[in-house]
Amino acid sequence: MSAKAITEATGKDLLNRHLNQHGAGAATCRFATVNAGTNWSKLSVDHSWLLTTPLVVKPDQLIKRRGKLGLVGVKKSFEQVKQWIGERLNQDQKIGNAVGKLRNFIIEPFVPHTEAEEMYVCIYSHRSADTILFYHLGGVDIGDVDAKAVKLDVPVDSELSLADVKTTLLKAITDESKKERIANFIYALYATFAELYFTYLEINPLVVTADNLYILDLAAKLDSTADFICRPNWGEIDYPPPFGRDAFPEEAYIADLDAKSGASLKLTILNRNGRIWTMVAGGGASVIYSDTICDLGGATELANYGEYSGAPSEQQTYEYAKTILNLMTSSPKHPDGKVLITGGGIANFTNVASTFQGIITALREFQSKLVEHNVSIFVRRAGPNYQEGLRRMRDFGSTLGIPLHVFGPETHMTAICGMALGKRPIPQAASMEFSTANFLLPGGQQAQADLKAAAESNALGSDESDGLAGNNHQQLQLGKSNGANANLNRKFFSNTTKAIVWGMQQRAVQSMLDFDFICRRDEPSVVAMVYPFTGDHKQKYYWGHKEILIPVYKKMSDAIHKHKEVDVMVNFASLRSAFDSTLEVLEFPQIRTVAIIAEGIPENMTRKLIIEADKKGVAIIGPATVGGVKPGCFKIGNTGGMLDNILHSKLYRPGSVAYVSRSGGMSNELNNIISKATDGVIEGIAIGGDRYPGSTFMDHILRYQADPETKLIVLLGEVGGTEEYDVCAAVKDGRITKPLVAWCIGTCASMFTSEVQFGHAGSCANSDRETATAKNKALRDSGAYVPDSFDTLGELIHHVYSELVKTGRIVPREEVPPPTVPMDYSWARELGLIRKPASFMTSICDERGQELMYAGMPISEVLNKDVGIGGVISLLWFQRCLPPYVCKFFEMCLMVTADHGPAVSGAHNTIVCARAGKDLVSSVVSGLLTIGDRFGGALDGSARQFSEAYDTNLHPMEFVNQMRKEGKLILGIGHRVKSINNPDVRVKIIKEFVLENFPQCPLLKYALEVEKITTTKKPNLILNVDGVIATAFVDMLRNSGSFTSEEAQEYINVGAINSLFVLGRSIGFIGHYMDQKRLKQGLYRHPWDDISYVIPEQYN
């Protein structure tokens, strides 16, 4: 959930810290919070005003209309407040249908005022604007504020003006001085609202006296996804549960697990002693399972709501399952036993076998308790590697000692709910599937087609309306285009669509290419990738059976300009960078569609993206989505899951049914349902689970309406928001004339006694109109086809489809088997069909032919040309033949760095290891591991420091002064023994060679100027071997004419300069090893007299 309610105390604390910075001119909110652990004496010391002023006290637990409920104590003394709280603390309180204990209270000074001084202010955000409500009469008896208050919309990405506040909101305020003060307050309040990412902020009343403004009662919500932006301003924010539902430590544990994971892990405990427990994969699926359980009469026994999704690891799934099982088996036994429903839709990318292994481990751990509590387990799942996951679960179930029933995609997703509650028989054998992983088994396609034909024949010969008589549908009619504008008529995808993928999402890209291949596309849909954290390179993928290379660019502009045919971007950027990367791509007119996958993008950012995209006529799918699919043409990322599900769901060729859903996981389930009930999907879009998706249901439904190939439309809405009412209006006014089958998930919400936030950020009803039940009724009344529950959605779709076939409006197409695609190695290891990808890529050496090649040069040529060791380094390190003076430079560096005596740390380590009897490799490695900034490895650091100073035109004196000011050593300057009066001969030799042979050496000369300055301070602050090699190396890269500036910088960044010291010093380490072995030196033990023992004095 993004918009989360905060306590009144938290809200007032935020306003205290930020409101008056914007010139609000409001009094600071004084308050004290109280709970069962409060020390009253300390509280009165910390807040001395408690003893000197009349007080107001009230619960602070997200309770609405506290005054009406008699939950506000007014004008009380400190002792009276203590008594008032004591009478109510930890006592049950019923508010509506919710019963909870009062545990947290807020105490404030009483502000004397008249009713005429009470006013109402509220700001809330919605898709296109922030709305400010103001009414000049506030307080507990304000009544219907929506009808009374004056409204002012502040469109997204625009500024609020004081003039608008005065002229629009404050017409009823006649006193000009008071109007000015209130206008300044509202202006500042809105600035704070926007700055701190509030989504809702209500003050009732705002008391405006002659000399001040006071915020009395406050209710607020924050966009919790903005934590990474607002943490410095917010501090630590506690989001309390809604009244009537206690916060359990298990919920906090799962929330912490969720925060530390890239997956989604949610848990809400509804009834600690309930007998029906769920462990559901997928945000949308978790809602549907709860709906079905409640529809079947299990609302009062439903113990929890939750989900695990987004590819959690085996360990994370184990922790989640263990928490559920511990709760389930630590509550009292139930006379009818308990049930655990481990369900889920068809996963897009979660490894079912891996997550099931985590669940199995937890079940094994709780086996005896599960038997003791007479638990029955029902499992239904599908997705990547589900066959192996179901096999493991079945095998384990045979040893568990309690009933464990396992089903796959052949079983309707929620069928196990009816089985678990005794409303549906448990089948003894499941029907057979005809594909496994990415591979279509021989004969499977025809067998499936035969079964489908038989089923349709039976269906068409029967009257299917009997079971659906409760729905009052309009007569079926063939929809015609109603003149929708060009933007709505535009097809997002075709079989020639080309896309750029932002992010190094190799698995998703390979999935898109495999989909392209089985759709018989001529070319891959992904032509390039953008990843700013690496340089330009190429990434290997499969196109069917052969390998291809796809370019990866560091900059979006490079990718766009080099691939003019691209009009789609699939954005896998993280929630932190998705906003900026999407804004960047909107600057390129050729991009017409952007899919944003990330979940958790702050709502203000999403709303700005929507505005910018609308200005440029770009369609946005997402955020918080898996994407969409156009069967036979194109799919976004991981949509549709693995190829086994794509084959089952016939997504390799178009059907006649288009759908739009919020849930990505449920879009996969819709693919499955529609493929079984009809001739398949023609297009499916998951708009995303956030409150403000980039495109709406109507955007896509009107496209489907305008598409002559689409014959039937399916809508899967959900609780929260009001977009479905736009669909109702369009059905009524004739903009939608094609048959529409619709269902809104989340009908269970009205059966819970306290508010429950479901898996998607937008799936929470803020009014009766936003409930799933109300929306389903409105859809049915408008003429859409609405089933009685999700359980019968497939039957209703099949009924409508059959009518269209009967009347000739749909002519089912002949099935054409798709080409087979080899399995990826990771999925095929356990199933015996292997396509093993290459483990390495190399571009420097090839030993496969008749002759060994160094960067394309045969070894015979390397020897015949006598390029020397410097030439070999140039070939293997830099993939080119460098000039002779460069090769000579390399060799000189190796010579002078080969050794520097036995006392340095690397040689010392090598000698100690050799004397301990270690082998050559171990001894040399022990020496090499000491190389770093303090010993030998300063070359890279020295090169960076001198380069940055030189490149930024710092005078050598400025550079020295800056490093001193920053407290940093100049790497490459200074020597323990040598000085200006006793120079290092090694430095002299290299310096003279470089000055004489290099075409240019500006950085070395710069370093020598720095040396002149440093040696005036201390004579040993000379340019040392590290410094002369590092600066000369940079001069070689930049001025030899063999490298571009980008290549030169890349070699500096990857540590190429240190490599000379590592290679050179390895020669010396090997020498020391051989010397110790030759001298037959024994085990080394450091002498005591060379150790200073500093032991703490004995305690008295």
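The structure is a predicted model, and the values below are computed from it. The domain assignment divides the chain into domain 1 (3-234), domain 2 (249-421), domain 3 (499-807) and domain 4 (882-1079). Between the centres of domain 1 and domain 4, taken over C-alpha atoms, the separation is 65 Å.

**Record annotation**

- An unreviewed UniProt entry lists residues 492-601 as "domain: CoA-binding".
- In the model, the span 492-601 is 25% helix and 29% strand, and its end C-alpha atoms lie 24 Å apart.

**The hairpin of β5 and β6**

- Strand β5 (residues 92-95) pairs with β6 in the antiparallel sense over 4 bridges, and Asp92 stands opposite Lys101 in β6.
- The hairpin has 2 residues between its strands, and Gly96 there takes a positive phi near 65°.
- In a regular strand the side chains alternate between the two faces of the sheet.

**Arg66, a buried arginine**

- Arg66 is placed in the loop between β3 (55-59) and β4 (73-76), and with a relative accessible area of 9% it counts as buried, because the cut-off for that class is under 20%.
- The side chain of Arg66 makes a polar contact with the side chain of Glu8 at 2.8 Å.
- Not counting residues up to four places away in sequence, Arg66 touches Glu8, Lys58, Pro59, Asp60, Leu71, Val72 and Asp217.

**The parallel sheet of β15, β17, β18 and β19**

- This open sheet of 4 strands runs in the order β15-β17-β18-β19 with parallel pairing.
- Strands β15 (276-278) and β19 (404-407) stand at the edges with a single partner strand each, so one side of each has no neighbour in the sheet.
- Neighbouring strands of this sheet are turned by 15° against each other on average, with direction ignored.
- Strand β18 (residues 375-380) pairs with β19 in the parallel sense over 4 bridges, and Arg380 stands opposite Phe407 in β19.
- Helix α13 (residues 386-400) packs on the sheet, where α13 touches β18 and β19, and the direction of α13 makes about 165° with that of β19.

- In helix α25 (residues 772-782), the buried residues are Ala772, Lys775, Asn776, Ala778, Leu779, Arg780 and Ser782.
- The cover over these buried residues includes β33 (712-718), α24 (723-732) and β34 (740-745).
- Just after α25, Gly783 takes a positive phi of about 115°.

**The antiparallel sheet of β35, β36 and β37**

- An open sheet of 3 strands has the order β35-β36-β37 with antiparallel pairing, and its edge strands, β35 (845-846) and β37 (857-858), each pair on one side only.
- Strand β36 (residues 853-854) pairs with β37 in the antiparallel sense over 2 bridges, and Met853 has Pro858 in β37 as its bridge partner.

**Thr897 in helix α30**

- Thr897 is placed in helix α30 (residues 884-897) and counts as buried at 2% relative accessibility.
- Leaving aside neighbours within four places in sequence, Thr897 is in contact with Val1025, Ile1029, Leu1060, Phe1061, Gly1064 and Arg1065.
- The C-alpha atoms of Thr897 and Tyr308 are separated by 56 Å, and these two residues are 589 residues apart along the chain.

**Backbone features to note**

- Most residues other than glycine have a negative phi, and most peptide bonds are trans.
- The peptide bond from Asn204 to Pro205 is cis with omega near 5°, and Pro205 is placed in strand β11 (residues 198-208).
- A cis peptide bond also joins Gly622 and Pro623, with omega about 0°, and Pro623 lies in the loop between β28 (619-621) and β29 (628-630).
- Asp866 has a positive phi near 50°; Asp866 lies in the loop between α28 (859-864) and α29 (868-878) and is exposed, with a relative accessible area of 64%.
- Asn953 has a positive phi near 60°; Asn953 lies in the loop between α33 (938-951) and α34 (956-965) and is exposed, with a relative accessible area of 67%.

How values were computed
Residues numbered from 1 in each chain as written. Predicted model: local features only at pLDDT ≥ 70, side-chain atom pairs only at ≥ 80, totals over all residues. Heavy atoms only, no water. Pairing = 2+ DSSP bridges. Axes fitted to C-alpha atoms, helices over the stretch in contact; angles between N-to-C directions. Contact = heavy atoms within 4.5 Å. Domains from an automatic or database assignment. UniProt positions renumbered as here; feature names shortened; annotations may be inferred. Buried < 20%, exposed > 50% of the residue type's maximum accessible area, 1.4 Å probe, protein only. Polar contact = N/O pair within 3.5 Å; in protein donor to acceptor, adjacent residues only side chain to side chain.
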